[in-house]
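Please look over the fold and the side-chain packing of this model. A short report on selected sites is wanted.

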Amino acid sequence: MTSFSDSKRLECRFYEEPFPELESLVMVNVRNIAEMGAYVTLLEYNNIEGMILLSELSRRRIRSINKLIRVNRNEVVMVLRVDKEKGYIDLSKRRVSAEDVAKCEERYNKAKAVHRVMRHVADRCGQTLEELYQIVGWPLYKKYGHAYDAFKLCLSGETEDVFEACPGMDTETKACLTDYVKKKLSPQPIKVRADIEVTCFTYEGINAIREALLKGQEASIDDCPIQIKLIAPPMYVMTTMTLDKDLGIQTLTAAIAAVADMILIKGGKIDVKMAPKAVSAREETELQAMMDRLAAENAEQDGDDDEDEQDDS
């Protein structure tokens, strides 16, 4: 039995090296803003402290520090200096490009997912998190570049090959890790959506619109079934659920083209209000709320008509 408290037992940096390398990019959380700069914790290095110097916050003249950086916000920064003996780490925000931010965020999100898996397994198997990283996590980082990529290979049935890099792992830990990876890292369906306006004021009118939308639905493929729903005339929403975001976007793009070809033949037109894109749960909630509100408004109007008819009679 270990003498660590549970909180300490499950604390550990993400990577084998206790400090980041010079000029590397790291994810930090802003803890305090002072005259000298911003005090931060390095999220990938078990929250050791660092400082973003005031002169390293922006390339431009600083008029308001609060517009550049805020407490509790995560930031991508570059490592300028590391004093391992004193524990000083100087960081820069102004030397980080937008491309650097995207790369660092992707690496951090993958490492955070690995960390969640490792914490769970360490807790279930009665190990310290650092012990598990020494046996499993860091050997996988060394062999595969990122432990997340190794875990993904486990999902495709290559578990035994992957864990050859971890000779010190026992059977119980391997079983627990494999099971949790399959539960938490299995691909989740993504919703891809597009918003379109379709109108036709010729003789065929609504029939032409219906025919055009059916042509759009016919662009469905097995991995990307398409649904088209009315938001409110003439606005329609096209959606598909897929494991492959790019394939979903391509499929909806083809569906929009099919709708356009048909409606133009019929003398109508199409206006793409929102091009195909992966949407968040919040955006879907907002869409559903809008559709519910419009439905309620239509119901009220229908009710008003009924009352008017009764009054007329």
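The report below goes from the whole chain to single residues.

## Basis and overall picture

This is a predicted model: local features need pLDDT of at least 70, side-chain atom pairs count only at pLDDT 80 or more, and totals for chains, interfaces and linings use all residues. Residues are numbered from 1 along each chain as its sequence is written, and side-chain values use heavy atoms, with hydrogens and water left out.

The protein chain holds 10 helices and 9 strands. Helices (H or I, at least four residues) and strands (E, at least two) are DSSP runs, numbered from the N terminus. Of its 313 residues, 41% count as buried. Buried means under 20% relative accessible area, exposed over 50%, and partly exposed in between (1.4 Å probe, protein chains only). Take the contacts with a separation of 6 or more: residues 24 or more positions apart account for 65% of them. Contact means heavy atoms within 4.5 Å.

## Helix 5 against helix 7

Helix 5 spans residues 147-155 and helix 7 spans residues 171-184. They pack at an angle of about 85°, and their axes are 9 Å apart. Axes are lines fitted to C-alpha atoms, for helices over the stretch in contact, and angles run from 0 to 180 degrees between N-to-C directions. Helix 5 and helix 7 are therefore roughly perpendicular to each other. The classes are these: under 35 degrees is roughly parallel, over 145 roughly antiparallel, 65 to 115 roughly perpendicular, and the rest oblique.

Helix 5 contributes Phe 151, Cys 154 and Leu 155 to the contact, and helix 7 contributes Leu 177, Val 181 and Lys 182. By class, this contact has 5 nonpolar residues, no polar ones and 1 charged. Ala, Val, Leu, Ile, Met, Phe, Trp, Tyr, Cys and Pro count as nonpolar, Asp, Glu, Lys and Arg as charged, and the others, Gly among them, as polar.

## Aromatic pairs

How many aromatic pairs does the whole structure contain? The search finds 5. Rings of Phe, Tyr and Trp (its six-membered ring) pair if their centres lie within 6.5 Å; planes under 30 degrees apart count as stacked, over 60 as edge-to-face and the rest as tilted.

Tyr 15 and Tyr 141 form an edge-to-face pair, 5.5 Å centre to centre with 85° between the planes. Tyr 15 lies in the loop between helix 1 (6-9) and strand 1 (25-33) and Tyr 141 in helix 4 (residues 129-144), so the pair ties together parts that are 126 residues apart in sequence. Tyr 15 is buried at 13% relative accessible area. Tyr 141 is buried too, at 11%.

The rings of Tyr 133 and Trp 138 have centres 5.4 Å apart and planes at 25°, so this pair is stacked. Both residues are buried. Ring pairs also link Phe 14, Tyr 15, Tyr 45, Tyr 108 and Tyr 141 into a cluster.

## Thr 240

Thr 240 sits in strand 8 (residues 235-242). Is Thr 240 buried or exposed? Thr 240 is buried, with a relative accessible area of 2%. Its side chain reaches the backbone oxygen of Pro 225 at 2.8 Å. Beyond four places in sequence, Thr 240 touches several residues, including Ile 190, Val 192, Cys 224, Gly 248 and Leu 252.

## Backbone features

A cis peptide bond joins Pro 233 and Pro 234, with omega about 5°. Pro 234 is in the loop between strand 7 (226-232) and strand 8.

## Links across the sequence

Ile 135 lies in helix 4. At 26% relative accessibility, Ile 135 counts as partly exposed. Ile 135 and Met 169 are 34 residues apart in sequence, yet 6.1 Å apart C-alpha to C-alpha. Leaving out residues up to four places away, Ile 135 touches Gln 127, Cys 166, Gly 168 and Met 169.

Lys 112 belongs to helix 3 (residues 98-125). Lys 112 is partly exposed, at 31%. Its C-alpha atom is 8.0 Å from that of Phe 14, which is 98 residues away along the chain.

Definitions and conventions:
A polar contact is a pair of N or O atoms within 3.5 Å; within protein, one must be able to donate a hydrogen and the other to accept it, and residues adjacent in sequence count only if both atoms are side-chain atoms.
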